[in-house]
Amino acid sequence: MNAKKTASSADIQKLASLIEGIKFAMVTSIGADNHLQSCPLLTQDVDFGGELWFIIGKKSDLYNNIRKDPHVNEIGRAHV
């Protein structure tokens, strides 16, 4: 049985209201030296449908860190 909860429309609307107007997101990953490394990412003002997408360069430290270990921590993440 799949224990993953699917977000309801109300959940998505609540999250949309919590993140509205936030201009930067901080994503923390594990760096090449196994220390935490945070990176600010700029948000776009678009209609929110339940997913957040960020564009990063393939030559960036964040890209390499995520390829090595895809676990990240979004600082200040809103919990629904």
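How many residues lie between β1 and β2 in the hairpin that they form, and which residue in the turn has a positive phi? Five residues separate the two strands, and N34 in the turn has a positive phi of about 65°. The model examined here is predicted: local features need pLDDT of at least 70, side-chain atom pairs count only at pLDDT 80 or more, and totals for chains, interfaces and linings use all residues. Residues are numbered from 1 along each chain as its sequence is written, and side-chain values use heavy atoms, leaving out hydrogens and water.

Two helices and three strands make up its secondary structure, following the pattern α-β-β-α-β along the sequence. Helices (H or I, at least four residues) and strands (E, at least two) are DSSP runs, numbered from the N terminus. Of the 80 residues in the chain, 12% are buried; buried means under 20% relative accessible area, exposed over 50%, and partly exposed in between, with a 1.4 Å probe and protein chains only. The accessible surface of the chain is about 6,900 Å², and carbon and sulfur atoms account for 56% of this surface. These areas come from the Shrake-Rupley method with a 1.4 Å probe, and for residues only the protein chains shown count as cover. Among contacts (heavy atoms within 4.5 Å) between residues at least 6 apart in sequence, 49% join residues at least 24 apart.

T28 belongs to strand β1, residues 24–30, and its side chain makes a polar contact of 2.7 Å with the side chain of S38. A polar contact is a pair of N or O atoms within 3.5 Å; within protein, one must be able to donate a hydrogen and the other to accept it, and residues adjacent in sequence count only if both atoms are side-chain atoms. T28 counts as buried because its relative accessibility is 8%.

Beyond its neighbours within four places in sequence, L36 contacts T28, S29 and I30. The C-alpha atoms of L36 and N73, 37 residues apart along the chain, are separated by 9.7 Å.

Helix α2 (residues 61–68) contains N65, which is buried, since its relative accessible area is 5%. Not counting residues up to four places away in sequence, N65 touches S29, I30, G31, A32 and Q37. With Q37, a side-chain to side-chain polar contact of 3.0 Å is formed by N65.

Finally, a word on confidence. The mean pLDDT (the predictor's confidence in each residue, from 0 to 100) is 84 for the chain, and 85% of the residues score at least 70. Confidence is highest in α2, at 95, and lowest in strand β3 (residues 73–75), at a mean of 65. Where pLDDT is low, the predicted coordinates should not be read in detail.

Methods:
Pairing = 2+ DSSP bridges.
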